[in-house]
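Here's a quick briefing to read alongside the model. Have the sequence and the coordinates open as you go.

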Amino acid sequence: MTRTLYAGGTVVTNLAALPVTDAIAVADGRVVAIGDEARGWSADWDEVVDLRGRCVVPGFRDGHAHPVHAGEELLSLNLAPLGTVDEVIAAVRDWAASHPPVPGDEWIVGGSYISSILPDGVGDAEWLDAICPDRPVALFSNDHHVMWANSRALALAGIDAATPEPATGQIVRRADGSPIGTLREFGAIELVERVMPAPDPVRTRAGLDVALGELASRGIVWVQDAIVDDTVLAAYLAGAEAGELTCRFNAAFRAEPGRWLAQRDRFVASRARVRTHEAASGWVTANTVKFFADGVIEAGTGFLVEPYEDAPHSCGLPNWTPAELDEAVRMFDADGFQIHIHAIGDGGVRMALDAIEHAARLNGPADRRPVIAHTQLVHPDDRPRFAALGVVANFEPLWAQLDPVMLELTIPRLGAARSVLQYPIGSLVASGARVSFGSDWPVTTVNPLDGLGVAV
């Protein structure tokens, strides 16, 4: 047994009886005593760590993130630090010059540009054509609900004036119907993604390695990965097999409208594969199914109860019909999966609450802990329903600030009256609802302290 004493600083325990103390004893990686009991727990320490007045806190758990994808972005054309369209275009030009096309992959893919740098969030293909006309370019906004593509990428995807509008997406068009170069939501984005190169397992594994370093540096010990495909799940299992994981992960499979019935058996089989994978025990689980109820408000695709201020003809873009979402949630709930629903607008949140209520009514009592993620705009009538239904409200608290996206895109779309109702963290806590926090990394920084500062 390896015995370690940490003393000489502040130790935050979060225990009701002793929330803060000055020492902690650890044996073989487990906390065994705190305070005076910790100092007296052993007379034969293998190591005594002098905290020198510093603070020790429990490890953070990120309730909604995309760590492998974030790691891959850091290895590729990273647009997150850039603040203008000209900087993005220059970065694409420089990347193209330093990364010539390779056989089977001529694409330039980058993320995540700040959506507010584009006028009304819309990027023009011609701006990218001017510096990269011959290679396809696909850039993702920081919310990852919008793609900005050049003409070559649109042509490879077969997107032109005659392309019908996808059911769960939007092709932003010029007056003559031709595509401008901006695709909103997955139904439109996947038109391009289906002609892009398939995921590369080597690259995915490298992304996981980068993510592990970032998570460890922030003290994060568990993450809800909010969308996992077969390639990402294989990377987690390989990392566990190699003994390289420094963080625990729960994988969420994405249920898609119109396809979810065919996905059920695969999700159940993948969960079983993880449960029987000996090396993954204690490190990787796959117990969650993720749904997208709607899009995002800054793109006008979040589903609202009342129309958008700047688009009185539109309440946004729900990804599911209420009836199909109800039935899909009920069946995955019956399969024993935890439900995790992305819902941004108050209409999306209401639809998610309705689906969870439907599942609970038909499937009976269970320890469900369903999650509604982001919960940006919650209609006041729906706030008491979180506690009543046992729904965890997962917030990304860093988003509740007056940044350029909020000031230039979100508030003008919502109007003043609804804008002040956003991110009701304190109201839901006061109502008795459970609240969790996440980063949605790489949408925003994975540093939990940044989000906590905004929340406070």
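Is Arg54 buried, partly exposed or exposed? With a relative accessibility of 45%, Arg54 counts as partly exposed; the scale calls a residue buried under 20% relative accessible area, exposed over 50% and partly exposed in between, using a 1.4 Å probe and protein chains only.

Keep in mind that this is a predicted model, where local features need pLDDT of at least 70, side-chain atom pairs count only at pLDDT 80 or more, and totals for chains, interfaces and linings use all residues. Residues are numbered from 1 along each chain as its sequence is written, and side-chain values use heavy atoms, with hydrogens and water left out.

**Around Arg54**

- Arg54 sits in the loop between strand S4 (47-50) and strand S5 (55-56); helices (H or I, at least four residues) and strands (E, at least two) are DSSP runs, numbered from the N terminus.
- Setting aside neighbours within four places in sequence, Arg54 is in contact with Gly9 and Thr10, where contact means heavy atoms within 4.5 Å.
- Arg54 and Thr10 are 44 residues apart along the chain, yet their C-alpha atoms are separated by 6.3 Å.

**Helix H7**

- H7 (residues 201-217) has 17 residues and reaches 25 Å from first C-alpha to last, close to the 24 Å expected at 1.5 Å a residue; the expected span is 1.5 Å times one less than the number of residues.
- Its buried residues are Thr204, Gly207, Leu208, Ala211, Leu212 and Leu215.
- Looking down the axis of H7, the buried residues fall within an arc of 145 degrees, so they line one face of the helix; the arc is taken from the directions from the helix axis to the C-beta atoms.
- Among the elements covering the buried residues of H7 are helix H2 (67-75), strand S13 (220-225), H8 and strand S14 (248-254).

**Helices H8 and H9**

- The axes of H8 (residues 230-241) and H9 (residues 260-275) come within 12 Å and cross at roughly 10 degrees; axes are lines fitted to C-alpha atoms, for helices over the stretch in contact, and angles run from 0 to 180 degrees between N-to-C directions.
- H8 and H9 are therefore roughly parallel to each other, a label for angles under 35 degrees.
- Asp230, Leu233 and Leu237 of H8 make the contact with Arg266, Ser270, Arg273 and Val274 of H9.
- H9 has 16 residues that should span 22 Å at 1.5 Å a residue, and its end C-alpha atoms are 22 Å apart, which agrees.
- Buried in H9 are Trp260, Gln263, Arg264, Phe267, Ser270, Arg271 and Val274.
- The cover over the buried residues of H9 includes H8, S14, strand S15 (284-292) and helix H10 (322-334).

- Most residues other than glycine have a negative phi, and most peptide bonds are trans.
- Gly111 and Ser112 are joined by a cis peptide bond with omega about 0 degrees, and Ser112 lies in strand S8 (residues 108-113).
- Another cis peptide bond joins Trp441 and Pro442, with omega about 20 degrees; Pro442 is in the loop between strand S19 (434-437) and helix H16 (448-455).
- Glu185 isn't a glycine but has a positive phi of about 70 degrees, and at 0% relative accessibility Glu185 counts as buried.
- His374 has a positive phi near 90 degrees; His374 belongs to strand S17 (residues 371-374) and is buried, with a relative accessible area of 1%.

Technical notes
Angles under 35 degrees count as roughly parallel, over 145 as roughly antiparallel, 65 to 115 as roughly perpendicular and the rest as oblique.
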